[in-house]
Amino acid sequence: MSSFTKKYTDEEMNAALEKLLIGSERLETAVYCLFKPTGFFARSSDIITGYAGITDMGRLLCCKYHTINDESAAYNMEDIVQIKIKPALLGQKVVTVVFDDGKKRTVKFQLAPKVAGSKLSDQERNAEKMLEIFEAKQNKL
């Protein structure tokens, strides 16, 4: 599927993220977000829509929807070495998380408490919960 065929609903989000779960793992929180490019050559035209979720086993799950294809990834939150949370427009937050499990990876995404034109009924509550989890982890670093 591509970003053009997505409906951006709670059911679609949960189904996409649940494909990345292992065994009896459960989602604690899941949100719609915009994944932002990182690095020197990053361009704003490379922003990708998708979903992010945190599981009860301490993993960050990401589903990114490019124009033509999808990309999914899971990261162990024990491998986090840096977290930055910055305010954006209209109460949104930009979260940058750096993981290092022998190879450094950076995930950067923008959370919005409300998403116009979508059927994401728990977006505001889930965004707050995700930020609380990241802030608690940030305080331990």
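Biologist: Are Arg59 and Glu25 buried or exposed?

Modeller: Both of them are buried. Keep in mind this is a predicted model.

Biologist: How far apart are the closest N and O atoms of Arg59 and Glu25?

Modeller: They are 2.8 Å apart, and the two residues form a salt bridge. Arg59 is in strand 3 (residues 59-65) and Glu25 sits in the loop between helix 1 (10-18) and strand 1 (27-35), so the pair ties together parts that are 34 residues apart in sequence.

Biologist: How many salt bridges does the structure hold?

Modeller: Four. Among them is Arg105 with Asp101, at 3.1 Å from N to O. Arg105 counts as partly exposed at 31% relative accessibility, and Asp101 is partly exposed too, at 45%.

Biologist: And what about Arg125 and Asp122?

Modeller: Their side chains meet in a salt bridge as well, 2.6 Å from N to O. Arg125 is exposed, with a relative accessible area of 54%, while Asp122 is partly exposed at 27%.

Biologist: Switching topic: which residues form the negative surface patch?

Modeller: Glu124, Glu128, Glu132 and Glu135. Glu135 is found in helix 2 (residues 123-140) and counts as partly exposed, at 37% relative accessibility.

Biologist: OK, zooming out, what order do the elements run in?

Modeller: From the N terminus on, α-β-β-β-β-β-β-β-α, which is two helices and seven strands.

Biologist: What's the radius of gyration of the chain?

Modeller: 14 Å, which agrees with the value near 14 Å for a compact globule with 141 residues. Buried residues make up 40% of the chain.

Key. Residues are numbered from 1 along each chain as its sequence is written. This is a predicted model: local features need pLDDT of at least 70, side-chain atom pairs count only at pLDDT 80 or more; totals for chains, interfaces and linings use all residues. Side-chain values use heavy atoms; hydrogens and water are left out. Patches are made of residues with over 30% relative accessible area and no salt bridge: like charges are joined within 9 Å, nonpolar side chains (Val, Leu, Ile, Met, Phe, Trp, Tyr) within 5 Å. Accessible areas come from the Shrake-Rupley method with a 1.4 Å probe; for residues, only the protein chains shown count as cover. Lys and Arg count as positive and Asp and Glu as negative; His and the chain ends are not counted. The place of a charge is taken as NZ of Lys, CZ of Arg, CG of Asp or CD of Glu. Helices (H or I, at least four residues) and strands (E, at least two) are DSSP runs, numbered from the N terminus. Buried means under 20% relative accessible area, exposed over 50%, partly exposed in between (1.4 Å probe, protein chains only). The radius of gyration is taken over C-alpha atoms; the globule rule is 2.2 Å times the number of residues to the power 0.38.
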